[in-house]
Amino acid sequence: MYLSKIFAPRLRETPQDADTLSGQLMLRAGLVRKSASGIYTYLTLGLRAKQRIEDIVREEMNSHGAQEILMPLLMPAEPWQATGRWELYGDEMFKLTDRKGRPFCLGPTHEELVTATVGSERHSYKELPLNLYHITNKYRDEIRPRFGLIRSREFTMKDAYSFDRDETGLEATYQRMFEAYNNIFRRVGLTFRPIQADSGAIGGNSSHEFTVEADNGECSYAACDSCGYAANVELSRARPACDPDPVCGARPLPDLVATPGVHSIEQVTACFAVPPWAVLKSLLYIADGKPWLVVLRGDDEINEVKLLKAVQARECRMATDEEVSTALGVHPGSVGPVGVAVSRIVDESVRDDAAYIVGSGRDGFHTRNVFLGRDFTSTVTADIRTVHAGDICPVCGHSLHTATGIEVGHTFKLGTKYSVPLHANYVDEDGSEKPYVMGCYGIGIGRTLAAVIEQHHDEKGIIWPMSVAPFHVIVIPLNKGEDTIWHAACSLYDSLEEAGIDVVLDDRDESAGIKFNDADLLGFPIQVVIGNSFLKTGNFEVALRADKKEKVLVSAQAACESIIRLIQTAP
RNA sequence: CGGGGUGUGGCGUAGCUUGGUAACGCGCAUGGUUUGGGACCAUGAGAUCGGUGGUUCAAAUCCACUCGCCCCGACCA
């Protein structure tokens, strides 16, 4: 294509309301335009890059046992009501009614619809496994869309759903998908990490997130460089690195100490000159309306996802100051676990052989030499802390680091969570009907595109990996007015086109600086410059966007062939 | 939903405090000179200042309401 004809309006200045590098570059390079908060139009170049990713996804899905279908975006409420997610999704779901008043939604995902569709037939076990996917838009009315295409309200997703006879079959299908995902993200040029994840609202009992390390990612995880263990912080079961010394022999009795004005953990550690892990913090939580006293080490923070799981509740919040006073008779800064009437949930890192300092339950006092088991007991003991950097890897014992990433893919084992309520059964060997054992596998296409740009850019602009580049090569004639140069450029452009190469010709009558800067901004992997030196030597300059120093001079005759070779041998 | 911002030619902004009928840069159009890292000259088109209502002789400017967008938080793949 001729550059002057491509609808890719560039922005010279960095758009102010773009909050990520990828978002800024997509706007600046004319890949996308925003039409509303969290809703984007893909322009020519953005669409082409998106389609490259989709093509790679299709190839890998197809070759790993999945088949493509296409489900509607607009779907009736019934299956959603059957699984309870019509209410569960709440305001995040775009809901609407048709002219007869029948409720519909714009699909935020498609578990219900596939399950209902597959379940409406009675398949034999002989036909399993079945793995269906589609690539289509999803709609979620996010509370706060942000980070460009990374968190938007309309987004393109590849979602696959597998139907197996049993857990063994699901495990095999899951492994195939896991392999496909690794191939996909490798081929689009991402460095990524599959991590163990919480399965969130989708449900199920085992899952992995594929994350791309990025500063503005929204997914926090803990990873071990030594053994490769990696898990979402919501889930990670690492242990703290430091522990209080166990008390051997006689245990000192609790000792009430006046601590006027001392409330925070920081103040307590300063007042007693002890490390924070020798102090316990006690927080009153309300989980599904029931109060729980949460007991953690002073240096830990609660992880509400773990808490919900541990007390089997759907929602929780911290109690207000008033609720604390009513339930425990003290102000929040002096709450302690000893002698309280409410249930206690104690983090498993709290030892029963160490002396802790705790709030005394009386304003202005703390108690030291408090032992778990002797002075207070736990109603529930569970892992409810948030993992920090430096914690001990639960697999190999080395130190963990934490990072944030963009979640580009997610795989779940769903089990029968959807097949049972939707009565999606197959006929087994013995003639009985059994629910499908399902899996679900998503890839955010737009997010993946954004992640590619996050990982492949420099101060000048995008540096497309060959596999995702909207065009592979840009031919840049400098001084278009010079006929020899212009004709040579056109002739190279024509032969590349004929060879099936996606090539752009910068046909604009612009100065060299503008052409170079635009070529860098748009990020096509190969740049061919035809300038005054061509008049003298008959050579084109072929350079890689990724590494301008690797500039090679190629004769006009050999250029086409060597460019094709460069494209074919690209990583 | 709470807190904080913001809205002025296509884009980025100034003007608002102290009301007097819209300015600058980029881009765009035409002609000319240019052409190896964001050239120059000349000419020109383009905004009833987010919307509605109010105050006033007079509103981009003051007041009220409203809508959009952005940031922080809660929430979430």
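## The surface near the RNA

Helix 12 gives the largest share of the surface near RNA strand B, with 7 residues. A residue is near the strand here if one of its heavy atoms lies within 4 Å of it, and helices (H or I, at least four residues) and strands (E, at least two) are DSSP runs numbered from the N terminus. This is a predicted model, in which local features need pLDDT of at least 70, side-chain atom pairs count only at pLDDT 80 or more, and totals for chains, interfaces and linings use all residues. Residues are numbered from 1 along each chain as its sequence is written, chains are lettered from A and ligands numbered from 1 in the order in which they are written, and side-chain values use heavy atoms, with hydrogens and water left out.

Helix 12 (512-522) is joined by strand 1 (32-36), strand 22 (401-415), helix 13 (532-537) and strand 32 (547-555), each of which supplies at least two residues of this surface. Sorted by class, the surface has 22 charged, 12 polar and 9 nonpolar residues. In that sorting, Ala, Val, Leu, Ile, Met, Phe, Trp, Tyr, Cys and Pro count as nonpolar, Asp, Glu, Lys and Arg as charged, and the others, Gly among them, as polar.

## Atoms that meet the RNA

Of the 43 residues around RNA strand B, the ones that come nearest are Asp-19, Ile-143, Arg-144, Arg-151 and Glu-407.

Some individual atom pairs are worth a look in your viewer. An N or O atom in the side chain of Asp-19 is 2.4 Å from a phosphate oxygen of RNA strand B. Ser-511 also faces a phosphate oxygen, with a polar side-chain atom 3.5 Å from it.

## Domains 1 and 3

Chain A is assigned domain 1 (12-68 + 108-237 + 403-453), domain 2 (255-382) and domain 3 (471-568), with bounds that come from an automatic or database domain assignment. Domain 1 and domain 3 have C-alpha centres 38 Å apart. Their contact (heavy atoms within 4.5 Å) takes 7 residues from domain 1 and 7 residues from domain 3. The two domains bury about 600 Å² between them, and carbon and sulfur atoms give 61% of that area; buried area is the accessible area (1.4 Å probe) that two parts lose on being put together, summed over both. Leu-45, Arg-48 and Arg-52 supply 60% of what domain 1 buries against domain 3, more than any other three residues.

The interface holds 2 salt bridges, each a side-chain nitrogen of Lys or Arg within 4 Å of a carboxyl oxygen of Asp or Glu. Arg-48 forms a salt bridge with Asp-502, with the closest N and O atoms 3.0 Å apart. On the side of domain 1 that touches domain 3, helix 1 (21-28) and helix 2 (44-63) are the elements that give two or more residues. Helix 2 gives the largest share, 3 residues. That side divides into 4 charged, 3 nonpolar and no polar residues.

## Backbone details and a further salt bridge

Most residues other than glycine have a negative phi, and most peptide bonds are trans. The peptide bond from Leu-128 to Pro-129 is cis, with omega near 0 degrees, and Pro-129 is in the loop between strand 7 (123-124) and strand 8 (130-139). Ala-273 has a positive phi, near 55 degrees, in the loop between helix 7 (265-272) and strand 15 (280-287).

The structure holds 38 salt bridges. One of them pairs Glu-111 with Arg-85 (3.4 Å, N to O). This pair links helix 5 (residues 111-119), which holds Glu-111, to helix 4 (residues 85-89), which holds Arg-85, 26 residues apart.

Note on methods:
Polar contact = N/O pair within 3.5 Å; in protein donor to acceptor, adjacent residues only side chain to side chain.
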